[in-house]
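Dear colleague,

I am handing over the structure below for your records.

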Amino acid sequence: MTTGQRGTGGTPDGSGDADPDRRGFTTWPLRVRAAVAVTGVAAVLAGAGAFLANNLSNAFGPDSVCGGAVSADALTAALGSGRVGEHTYGNGQLRNGTAFCVATVSRGIFGSDRSVTVELRENTGLSALTDDSAARLFAASANGGAAGAASDHRAWALLPEGCGNGLRVTVSSGGDDGRGARNLAEFSVTVANRIAGQRTCGSTPMPAPHVLSEAGADHDLNLDAVCGLPGFTLPDLPGNHGLREMATTATDPLWACRIHTDANPGPSASLTIGTEPRLLTSTAPKDEPGLGRARWVGADEMVTSCQGKPTVFRLSWDGAQKLIPNGDETWKQFLVAGGKAIGCEPIL
């Protein structure tokens, strides 16, 4: 072959060996390999998307947990997004008050589980509410029928009208995972509505509470107006010094005050007034004398009527040392001063 003569597949500049490679990008086998690579990348991205959806949302999870009493939407609204789950304890169902449930929201490898314990409690009365002195209250009159109390870690809401007295849903979040009083208040009312539906009671679902009182604040005991009640006084005795008091800033659905020492644990005294009829279970007077219009319904409770509604006054002590006297004089002051605070007609 002479100089400059073109051979098969050759080029004048001698670069003919590279032409098949350049042309090969347009050949069918390489196009197939490119399509397979693109499909593989798409599959990886789709898998990653499904993984993230399963861990960051409840896209593949249940619509409700805890026997249908807790909706997934309400749970994630209260605890944040994630995959919804549950752990149920007890021999019965939540709506029957024979079990309690831990509803969880998980973010998989992206964070720890968040949880809230849910329970329907029956016939607990005022004796179980002595620690609500620091709670934010929501009253039925201002919240379309929703009534209860809430703090950053726990809340309770009464079942709707028509479901009977002494039935309330309690919810609590553990550890440092406080979800906020308003979130837990709304969540507790949502659960109360769903349980009412399961029990076929209550004609109208309650709206989410939007008016909550301020939280109670702890301060030195005021001997001239105990628990902020003008007319309720205590003698200035050596044992009264160093005592603290904390009372709710509202009186509906209850009013509560706790008197305590700085010792932990230490003795305490609790004063409670139940003003919401749905909350009360002890309203049948005992056949024995009372004080004025008030009648005994238990060792630590008296019932009377205020503005046509049954109202229960409770005095209780936790610890051997009584921080305030337990006698007629203390009860009389409590009935008079507490009655005025809740707008009650004269009791004595």
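**Disulfides and their surroundings**

Cys 227 and Cys 257 are both buried. The two residues form a disulfide, with their sulfur atoms 2.0 Å apart. Please bear in mind that this is a predicted model. The torsion about the S-S bond of Cys 227 and Cys 257 is about -75°, so this disulfide is left-handed. Because Cys 227 lies in the loop between β10 and β11 while Cys 257 belongs to strand β12, the pair ties together parts that are 30 residues apart in sequence.

A search of the whole structure finds four disulfides. With bonded cysteines counted along the chain, they follow the pattern 1-2, 3-4, 5-6, 7-8. Two further pairs are described here.

Cys 66 and Cys 101 form a disulfide in which the sulfur atoms are 2.0 Å apart. Its torsion about the S-S bond is about -70°, so the link between Cys 66 and Cys 101 is left-handed. Cys 66 lies in the loop between β1 (64-65) and β2 (70-71), and Cys 101 in strand β4 (residues 99-106), so the pair ties together parts that are 35 residues apart in sequence. Are these two cysteines buried or exposed? Buried means under 20% relative accessible area. Cys 66 has 5% relative accessibility and therefore counts as buried; Cys 101, at 1%, counts as buried too.

Cys 163 and Cys 201 also form a disulfide, and their sulfur atoms are 2.0 Å apart. With 95° about the S-S bond, the link of Cys 163 and Cys 201 is right-handed. This pair links distant parts of the chain, 38 residues apart: Cys 163 is in the loop between β8 (154-158) and β9 (167-172), and Cys 201 is in the loop between α4 (181-198) and β10. Cys 163 is buried, its relative accessible area being 10%, and Cys 201 is buried with a value of 14%.

**The seven-stranded sheet**

In which order do the seven strands of the open sheet run? The order is β10-β11-β12-β13-β16-β15-β14, and the pairing is antiparallel. At the edges are β10 (219-220) and β14 (295-298), each of which pairs on one side only. Strand β10 is joined to β11 (residues 244-247) by two bridges, and these strands run antiparallel. Within this pairing, His 219 stands opposite Glu 245 in β11.

Helix α5 (residues 328-341) lies across β12 (254-260), β13 (268-274), β14, β15 (301-306) and β16 (309-318). Its direction is at about 135° to β16. Strand β12, one of the strands that α5 lies across, is also where Cys 257 is found.

**Confidence in the model**

The mean pLDDT of the protein is 84, and 79% of its residues reach 70 or more. Among its elements, helix α1 (residues 19-24) has the lowest mean pLDDT, at 49, whereas strand β6 (residues 136-138) has the highest, at 98. Over residues 1-12 the pLDDT is below 50, and this stretch has five contacts in the model beyond near neighbours in sequence. For residues 43-54 the pLDDT likewise stays under 50, and the model has 10 contacts for them beyond four places in sequence.

With kind regards

Note on methods:
Residues numbered from 1 in each chain as written. Predicted model: local features only at pLDDT ≥ 70, side-chain atom pairs only at ≥ 80, totals over all residues. Heavy atoms only, no water. Pairing = 2+ DSSP bridges. Helix = DSSP H or I, 4+ residues; strand = E, 2+ residues; numbered from the N terminus. Contact = heavy atoms within 4.5 Å. Axes fitted to C-alpha atoms, helices over the stretch in contact; angles between N-to-C directions. Disulfide = S-S within 2.5 Å. Buried < 20%, exposed > 50% of the residue type's maximum accessible area, 1.4 Å probe, protein only. pLDDT = per-residue confidence, 0-100.
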